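Please keep the sequence and the structure in view while reading.

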Amino acid sequence: MQIIDGKKVSAEVKERVRQQTLQLKNDYNITPGLAVVIVGDDPASRVYVNNKKKACEVVGFKSEEYALPAKTTQEELLDLVKTLNTKEDINGILVQLPLPKHLDDKAVIEAIDPKKDVDAFHAVNVGKIMLGEYDFLPCTPAGVMEMLHSYDIPVEGKECVVIGRSNIVGKPMGMLLLHENGTVTICHSRTKNLAEVCRRADILVAAVGIPKFVKADMVKDGAVVIDVGMDRDENGKLCGDVDFENVKDKCSFITPVPGGVGPMTISTLMKNTLKACKLQNNIE
Ligand SMILES: Nc1nc2c(c(=O)[nH]1)N[C@@H](CN(C=O)c1ccc(C(=O)N[C@@H](CCC(=O)O)C(=O)O)cc1)CN2
């Protein structure tokens, strides 16, 4: 069994982005800019936003944080997004999810200029992904693919099972595996015989949001297990959707939590922001 080191792969991605950013500055005197919007005081979101700002520093981007109070209205948030759409020094806009319950996240995402939608959540970008003609890929699924590539794990012809059908992870994850010629099954709360379906997987991606949901008897010997979960166990300790200690010895590869998929989400965001900057400036 090999543990996939998301921190290491993420650092490699960020280093490549840093080099290209330097080049962009030298050749065109342009610095990519990312605006991160956070509404309310969810502690996990605060950690992720801080990590995103730190990553911007590492790769040499300009970053702007817009921290709004939990009572922010839909109109105020939409106004901010519209302003950011017009800011020339901002190439990427990211609204940290989840938003407080009174806000309509769909309307907010649709208000972002698709060219600045570095999360690739806008309907235009989702459609492009479906067609395989995209500018940006959603950060978590793209980060998973990057890890598979980095460890030379082939997808073509493999049975790929994704647990979870969210718009952010499950659905696009299935699509990216399909683009690489995997045979994809997406499971959800109504799936019958879930354990049996999971046991067919050569590549099993858990994105269900339930701590330690994937048990050893749901995993085929030699499977690649990717854990997208960001949960808390009974002691409040960060853990994933996979019962890591009991599953790991059955796998050929497994991602840990923390230190697996999470850091990849951030490095893909850096890649997307650089790409947005280049596209907006007509740079190859
Ligand atoms: N607008 C978005 N909102 C959210 C996204 C997203 O891609 N765009 N994804 C998740 C959260 N997320 C990114 O924002 C994210 C989750 C986890 C990590 C991460 O680095 N995790 C670390 C552990 C961090 C900790 O100590 O708590 C790890 O796994 O090692 C980064 C980003 C929901 N919202």
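Leaving aside residues up to four places away in sequence, Val 225 touches Leu 204, Val 219, Val 242, Val 247, Cys 251 and Ile 254. By contrast, the C-alpha atoms of Val 225 and Asp 79 are separated by 42 Å, the two residues being 146 residues apart along the chain. These positions, like everything described here, belong to a predicted model.

The strand that holds Val 225 may be considered next. Strand S8 covers residues 223–227 and is mostly covered, with 5 of its 5 residues buried. Which residues of S8 point one way, and which the other? Ala 223, Val 225 and Asp 227 point one way, while Val 224 and Ile 226 point the other way; all are buried.

Strand S8 also has pairing partners. With strand S7, residues 203–206, S8 pairs in the parallel sense over 4 bridges. Within this pairing, Asp 227 in S8 has Ala 206 standing opposite. Strand S11, residues 251–254, likewise pairs with S8 in the parallel sense, over 3 bridges. Here Val 224 has Phe 253 in S11 as its bridge partner.

In an unreviewed entry, UniProt lists residues 138–280 as "domain: Tetrahydrofolate dehydrogenase/cyclohydrolase NAD(P)-binding". The end C-alpha atoms of residues 138–280 lie 19 Å apart, and this span is 36% helix and 19% strand. The feature "domain: Tetrahydrofolate dehydrogenase/cyclohydrolase catalytic", also from an unreviewed entry, is placed by UniProt at residues 4–119. For residues 4–119 the end C-alpha atoms are 24 Å apart, and the span is 52% helix and 16% strand. The domain assignment of the chain, for its part, gives domain 1 as 29–113 and domain 2 as 139–261. Between the C-alpha centres of domain 1 and domain 2 there is a distance of 28 Å.

The model also contains a ligand. How many residues surround the ligand, and which are the closest? There are 20 such residues, and the closest are Tyr 48, Leu 97, Pro 258, Gly 262 and Thr 265. At least two residues of the shell around the ligand come from each of helix H2 (43–59), strand S4 (92–95), helix H6 (139–150) and helix H10 (261–280). Helix H10 gives the most to this shell, with 4 residues.

Finally, the chain may be viewed as a whole. It has 10 helices and 11 strands. Its radius of gyration is 19 Å, close to the 19 Å that the globule rule gives for 284 residues, so the chain is as compact as a globular protein of that length. The C-alpha trace of the chain spans about 50 × 45 × 35 Å along its principal axes. Of the 284 residues in the chain, 45% are buried. Among the contacts in the chain with a separation of 6 or more, 69% are between residues 24 or more positions apart.

Methods
Residues numbered from 1 in each chain as written. Predicted model: local features only at pLDDT ≥ 70, side-chain atom pairs only at ≥ 80, totals over all residues. UniProt positions renumbered as here; feature names shortened; annotations may be inferred. Rg over C-alpha atoms; globule rule 2.2 N^0.38 Å. Buried ≥ 20, exposed ≤ 12 C-beta atoms within 10 Å, placed from the backbone. Contact = placed C-beta atoms within 7 Å. Domains from an automatic or database assignment. Pairing = 2+ DSSP bridges. Near = placed C-beta within 6 Å.
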